[in-house]
Amino acid sequence: MSRSLAAPQTLLRSLLQSRPRTQQQCQRFLSTHSSSPSCRPRRPTPSQRCTDGQSTLNANRPFLEQRRYKAKTVEEQKSRYRTGPFSWKAGLLFVVTSAGLVWYFEYEKQRMQRKRVAEATKGVGRPKVGGEFQLVDHEGRPFSSRDLKGRYSLVYFGFTHCPDICPEELDKMARMFDLVEEKAPGALTPVFITCDPARDDPKILKAYLAEFHERLVGLTGTYEQIKDVCKAYRVYFSTPRDVPPGQDYLVDHSIYFYLMDPEGDFVEALGRQHSPEQAAKVILEHMKDWKR
Amino acid sequence: MGWFSTSADEKRKEEVRTGARAPDRTERKQCWDARDGFYRCLDKNNVVDSLTGEGKKIADKQCATEHKAFEENCASAWVTYFKRYRVAEHKKKETLARLEKEGANRMAVEGPGDTPGSKKI
């Protein structure tokens, strides 16, 4: 930027220098002899014409300025050329200024983009996932969405008869929880909501979840209650409503971990593609953002 | 399950098979091991679909013991599920191989999903 600042100074200096030269040129123009540098008092006629011309000079300025381009020496021609509007310094100033502006706009654009992403989960336009619910936990106690407020929660939907994916995912969830708990004790509640309320009563849930992690909260309820929760969390599930006792069935359901913030708002979905370490890192990063 | 008598153990196994009781960790492990044994046998005989047609015939003939163990250790719903899963998995692999041959690029799904608000890049 020092270069671009230097350029106007030279421009200014050249402007200041050009003023006496203009006077000189005027005098030269007014005198019949080009060799005479000024109006001498011993020659009255030119002097008279000089003072007379001084007033007409200001009136006919454009005409005079055209004459200014006539240089007498090579050096003068050169200096005239250097101080012209299209000098290499002006070019440099132009290029540097343009580069600066481009850089500034790019920087601002990126900054706004970061800001937008950071605020995407808050306010208007955020996907509405999650919400109020009233269920029963694995100890048979009533458990509502209010019990999750105040800390982050990791919500997973499944069922105890799940053949392969849920047990794997629950092992992953236990590992994730341990990793988060290590860094931020007591900041996360792991929640398992069954999609199969007909078979998964609190007792069964308790026995099932104890195999994965003792801190896991198992939730169940009536078919209608579970249906509402699944709908609130945008979880697809295919539990048949009325199954004759003794008939086995499997439940198709979405397999995402839902990370919810302390206010019960959805933050991010963690899927099968995340390793427990990656998922824990994502969760901890969000927690850091919250404190800010 | 040492404290269960043999009959209680049998009863429990039966309950798991019919789906009246959800299998615990050990039972799941047993089931998965039996499944893998059955899968290995199917691989040996080049069978993908053991539920219908020619595949079922070969499986019934060549993998009878493995199939018996599979059915004994897993809930019947799981047996069907795993048999179907094998077919689906095979089709998925075939499709991926075909797409890759056609020059499709594999997208890494590591990291954040396409959900708004994922901050990681």
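Biologist: Is Cys230(A) buried or exposed?

Modeller: This is a predicted model. At 0% relative accessibility, Cys230(A) counts as buried.

Biologist: Which cysteine sulfur is nearest to that of Cys230(A)?

Modeller: A disulfide is a covalent bond between the sulfur atoms of two cysteines. The cut-off here is 2.5 Å between sulfurs. The closest cysteine sulfur to Cys195(A) is in Cys230(A), at 4.2 Å, which is too far for a bond. Cys230(A) is in no disulfide, and its nearest cysteine sulfur is that of Cys195(A). Cys195(A) is also buried, with a relative accessible area of 0%.

Biologist: How many disulfides are there over all chains?

Modeller: The count is three. Take chain A to begin. Cys162(A) and Cys166(A) are bonded, with sulfurs 2.0 Å apart. Their S-S torsion is about 80°, so this disulfide is right-handed. Both cysteines, Cys162(A) and Cys166(A), are buried.

Biologist: What pattern do the disulfides of chain B follow?

Modeller: Count the bonded cysteines along the chain: the pattern is 1-4, 2-3. One disulfide joins Cys31(B) to Cys74(B), S to S 1.8 Å. This pair links distant parts of the chain, 43 residues apart. Cys31(B) sits in helix α2, and Cys74(B) in the loop between α4 and α5.

Biologist: Where do Cys41(B) and Cys63(B) lie?

Modeller: Cys41(B) lies in helix α2 of chain B and Cys63(B) in the loop between α3 and α4, so the pair ties together parts 22 residues apart in sequence. Their sulfurs are 1.9 Å apart. With -90° about the S-S bond, this link is left-handed. Cys41(B) counts as buried at 3% relative accessibility, and Cys63(B) at 1%.

Technical notes:
Residues numbered from 1 in each chain as written. Chains lettered and ligands numbered in written order. Predicted model: local features only at pLDDT ≥ 70, side-chain atom pairs only at ≥ 80, totals over all residues. Heavy atoms only, no water. Buried < 20%, exposed > 50% of the residue type's maximum accessible area, 1.4 Å probe, protein only. Helix = DSSP H or I, 4+ residues; strand = E, 2+ residues; numbered from the N terminus.
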